[in-house]
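Thanks, everyone, for making the time this morning.

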Amino acid sequence: MWKENLTALKTIVRREWIRIIRIWVQTLIPPVITMALYFLIFGELVGRQIGKIGDFTYIEFIVPGLIMMSVITNSYNNVVSSFFSSKFQKNIEELLVSPTSPYTIVLGYTFGGVVRGLFVGILVTLTSLFFTNLRFQHPFIIIITVILTSILFSLGGFFNALFAKKFDDVTIIPTFILTPLTYLGGVFYSVKNLPEVWQTISYLNPILYMVNLFRYGFIGITDVNLIFSLGFILVLSILLFLLNVRLMRVGYGIRN
């Protein structure tokens with residue numbers, strides 16, 4: 001049985017990769033253009049007015065957060081759009097009647113989201129080199145953070161797709177929850193510069209920990225505890241994975 005599930009896993013991931021490449025004008029180019037505009041407007045134009053944050057220029061400070069923002073958005077969007085499309089077109093029924101386990105289905109779509117998130121992250125990182133010189137002080141932290149974050153938000157996209165009943169439902173969470181949390185996650189500022197009450201509120205935002213971990217990997221500064229942050233992302237990913245598998249087992253959002 002494990003061989004059949006391994007084959008199914010490879011097939012789902014390969015299908016997701018082909019989908020990403022086939023519509024690369026929609027999946028890869030827009031985030032690169034968007035982040036290039038962020039680098040230009042916030043990094044170059046606004047950054048000159050702000051000056052330095054500690055020992056770093058403003059663009060050096062925000063680049064890691066902007067890269068992480070692109071990874072989060074694209075990991076999430078890839079899974080929610082792909083899985084919901086399979087539900088809408090009834091393609092998911094082919095998987096449900098096969099011996100493929102719920103674990104394999106969730107992992108397959110999750111890995112597909114991770115592939116897109118990492119690929120876009122690499123493209124955005126290369127784009128940022130036209131605007132600043134990146135430092136890679138802690139490569140291991142960079143790698144483990146971007147992988148765990150893309151896994152977490154791919155699982156989040158899967159969860160959203162399970163609940164979605166129409167295309168409007170696919171955009172609600174990214175628009176009204178994910179985007180505000182990302183912008184308030186310390187991408188453009190240090191939490192320590194906020195009033196105390198807003199610092200407390202900011203620490204309730206999970207994206208804050210991912211952005212700061214990623215920033216630490218590049219320039220070595222952070223507003224959060226590294227071990228706690230890594231453990232938090234890992235535990236949240238495991239819980240969301242198990243929840244998605246459970247919902248798949250009972251057929252929630254699929255066999256309605």
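Predicted model: local features only at pLDDT ≥ 70, side-chain atom pairs only at ≥ 80, totals over all residues.

Residues are numbered from 1 along each chain as its sequence is written, and side-chain values use heavy atoms, with hydrogens and water left out.

Let me start with helix 7 (residues 139-163) and helix 10 (residues 206-219), whose axes lie 8 Å apart and which pack at an angle of about 155°. Helices here are DSSP runs of H or I with at least four residues, numbered from the N terminus, and axes are lines fitted to C-alpha atoms over the stretch in contact, with angles from 0 to 180 degrees between N-to-C directions. Helix 7 and helix 10 are therefore roughly antiparallel, a term that applies to angles over 145 degrees. Their crossing is left-handed, that is, the near helix is turned anticlockwise from the far one by less than a right angle, clockwise being right-handed. Contact means heavy atoms within 4.5 Å, and among the residues making this one are Ile 141, Thr 149 and Phe 153 of helix 7, together with Met 210, Phe 214 and Gly 217 of helix 10. By class, the contact has 11 nonpolar, three polar and no charged residues, where Ala, Val, Leu, Ile, Met, Phe, Trp, Tyr, Cys and Pro count as nonpolar, Asp, Glu, Lys and Arg as charged, and the others, Gly among them, as polar.

Helix 7 also meets helix 4 (residues 58-88), and those two axes come within 7 Å and cross at roughly 35°. That crossing is right-handed. The contact includes Ser 75, Phe 83 and Lys 87 of helix 4 and, on helix 7, Thr 149, Phe 153 and Gly 157; by class it has 13 nonpolar, eight polar and one charged residues.

Now the single residues. Not counting residues up to four places away in sequence, Thr 127 touches Val 32, Ala 36 and Phe 39.

Finally, Phe 42 sits in helix 3 (residues 29-50) and, at 29% relative accessibility, counts as partly exposed. Leaving aside neighbours within four places in sequence, its contacts are Leu 37, Gly 47, Tyr 58, Ile 62 and Phe 188.

Definitions and conventions
Buried < 20%, exposed > 50% of the residue type's maximum accessible area, 1.4 Å probe, protein only. Parallel < 35°, antiparallel > 145°, perpendicular 65-115°, else oblique.
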